[in-house]
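Let's take a walk through a protein fold together, one piece at a time. Keep the structure open beside you as you read.

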Amino acid sequence: MKNRFAFVVSFLACVCFGHPDLQAQAASKASPTPSPTDHHDRKPDDIFRLKPLSGNVYALYGRGGNVGFFVGPDAVLVIDSQFKEIAPGIVAQIKGVSDKPIKFLINTHHHGDHVGGNEVFRPFAMILAHDQVRARMLASPVDIQRNYPALLEEAKKAGNADQVKFFSEQIEWAKKVKVEDIAAPILTYDSEFRIHMGDETIQVWHLPPAHTDGDSVVYFEKAKVLHMGDDFFNKVIPFIDVSAGGSARGYLAALDKVIARVPADTTVIPGHGEVTDVAGLKSFRQYIADVIDAAQKAKSAGKTKEDFLKDVDLPAYKDFSGYKDRFKANAAAAYDEAR
Ligand SMILES: [Zn+2]
């Protein structure tokens with residue numbers, strides 16, 4: 001119970017007030033999903049580390065999911081908006097590179113550390129994402145009102161003033177917010193689309209359910225840069241948001257699709273962790289494959305989920321950030337999906 005509560009709080013601490021993404025917290029009610037958020041923590045001097053990549057594409061590390069942006073001849077396209085209070089800094093960083101107007105914002109998925117800054121971008125940028133991103137963001141007031149009163153009671157019982165304040169404010173926000181005020185994507189798609197900016201073509205693909213069921217990856221054809229959103233955590237144990245349609249097997253399918261589709265010399269921006277290459281992406285794929293394999297073997301041997309989770313350990317990945325917090329939840333998801 002304590003763990004579950006710690007999860008909720010650490011996640012919420014990152015998601016920030018009035019934030020539309022709350023599906024994952026709902027997951028915490030149903031399953032002992034550990035924190036998806038400690039990978040957000042960066043040292044203060046790490047905030048807004050800018051990394052120029054090829055072809056006018058940049059990676060911008062901040063406090064939430066890694067931002068990517070592309071400077072075209074007439075406009076700038078941005079991938080993910082992190083948190084509301086961080087977003088003005090993201091805009092300032094981009095303005096430091098180019099005075100071209102920011103016209104497009106792509107959300108890779110609905111989590112608060114990727115869409116939290118949307119309302120900062122909304123006045124000037126068209127926000128695009130998979131259909132499920134919009135659907136989940138618009139559903140969040142209902143989800144909060146359904147799930148948070150119990151969490152609030154739990155916080156009151158535990159005497160945790162910060163949590164009580166947080167849940168109370170979220171419930172108030174959910175009661176008051178008008179759905180049309182939520183800064184959800186206004187242009188959504190179901191399988192893939194392209195944006196053409198100068199001589200660059202930006203491909204946006206929806207993948208099989210992996211991190212969530214609304215994941216997009218963004219590929220810059222000419223620059224050969226790929227932004228994976230949270231379908232890739234580089235040297236970080238991922239969060240598989242089962243409550244939002246995420247899947248361990250889906251992760252593997254999604255990664256295989258991407259690896260088959262991009263050139264071997266592609267530069268890869270993960271949702272969390274450092275920019276890397278296709279070899280880095282393949283290492284992550286190996287991690288997912290190993291978790292699935294361990295779960296499948298246990299299930300085939302007749303091991304109960306409880307026994308499996310008690311024993312399971314993949315020492316090769318112990319150095320990945322978040323191993324203690326999220327590995328067992330990954331294993332649980334894989335066990336549930338094992339046949
Ligand atoms: Zn995420």
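Two strands count as paired if DSSP finds at least two bridges between them. Keep that in mind while you look at this model, which is a predicted one.

With that rule, you can trace an open sheet of six strands in the order 8-9-10-11-12-13, with mixed pairing. At its edges are strand 8 (192–197) and strand 13 (276–277), each pairing on one side only. Strand 8 runs antiparallel to strand 9 (residues 200–206), and six bridges join the two. Here you can find R194 standing opposite Q203 in strand 9. Now look for helix 8 (residues 248–261): this helix lies across strand 8, strand 9, strand 10 (216–220) and strand 11 (225–227), and runs at about 155° to strand 9.

Next, turn to another open sheet, built from seven strands in the order 1-2-3-4-5-6-7, again with mixed pairing. Strand 1 (49–52) and strand 7 (187–189) each have a single partner strand, so one side of each has no neighbour in the sheet. From one strand to the next, the twist averages 20°.

Strand 1 and strand 2 (residues 57–61) run antiparallel and are joined by four bridges. Two pairs are handy landmarks: R49 stands opposite Y61 in strand 2, and P52 has Y58 as its bridge partner. The two strands form a hairpin with four residues between them, and G55 in the turn has a positive phi of about 55°.

Helices pack here too. Helix 3 (residues 87–97) lies across strand 1, strand 2, strand 3 (67–71), strand 4 (76–79) and strand 5 (102–106), at about 30° to strand 3. Helix 6 (residues 131–158) touches strand 6 (126–130) and strand 7, and its direction makes about 105° with that of strand 6.

Are H111 and D230 buried or exposed? H111 is buried because its relative accessible area is 2%, under the 20% cut-off. D230 is buried as well, at 3%.

Terms used:
Residues numbered from 1 in each chain as written. Predicted model: local features only at pLDDT ≥ 70, side-chain atom pairs only at ≥ 80, totals over all residues. Heavy atoms only, no water. Contact = heavy atoms within 4.5 Å. Axes fitted to C-alpha atoms, helices over the stretch in contact; angles between N-to-C directions. Buried < 20%, exposed > 50% of the residue type's maximum accessible area, 1.4 Å probe, protein only.
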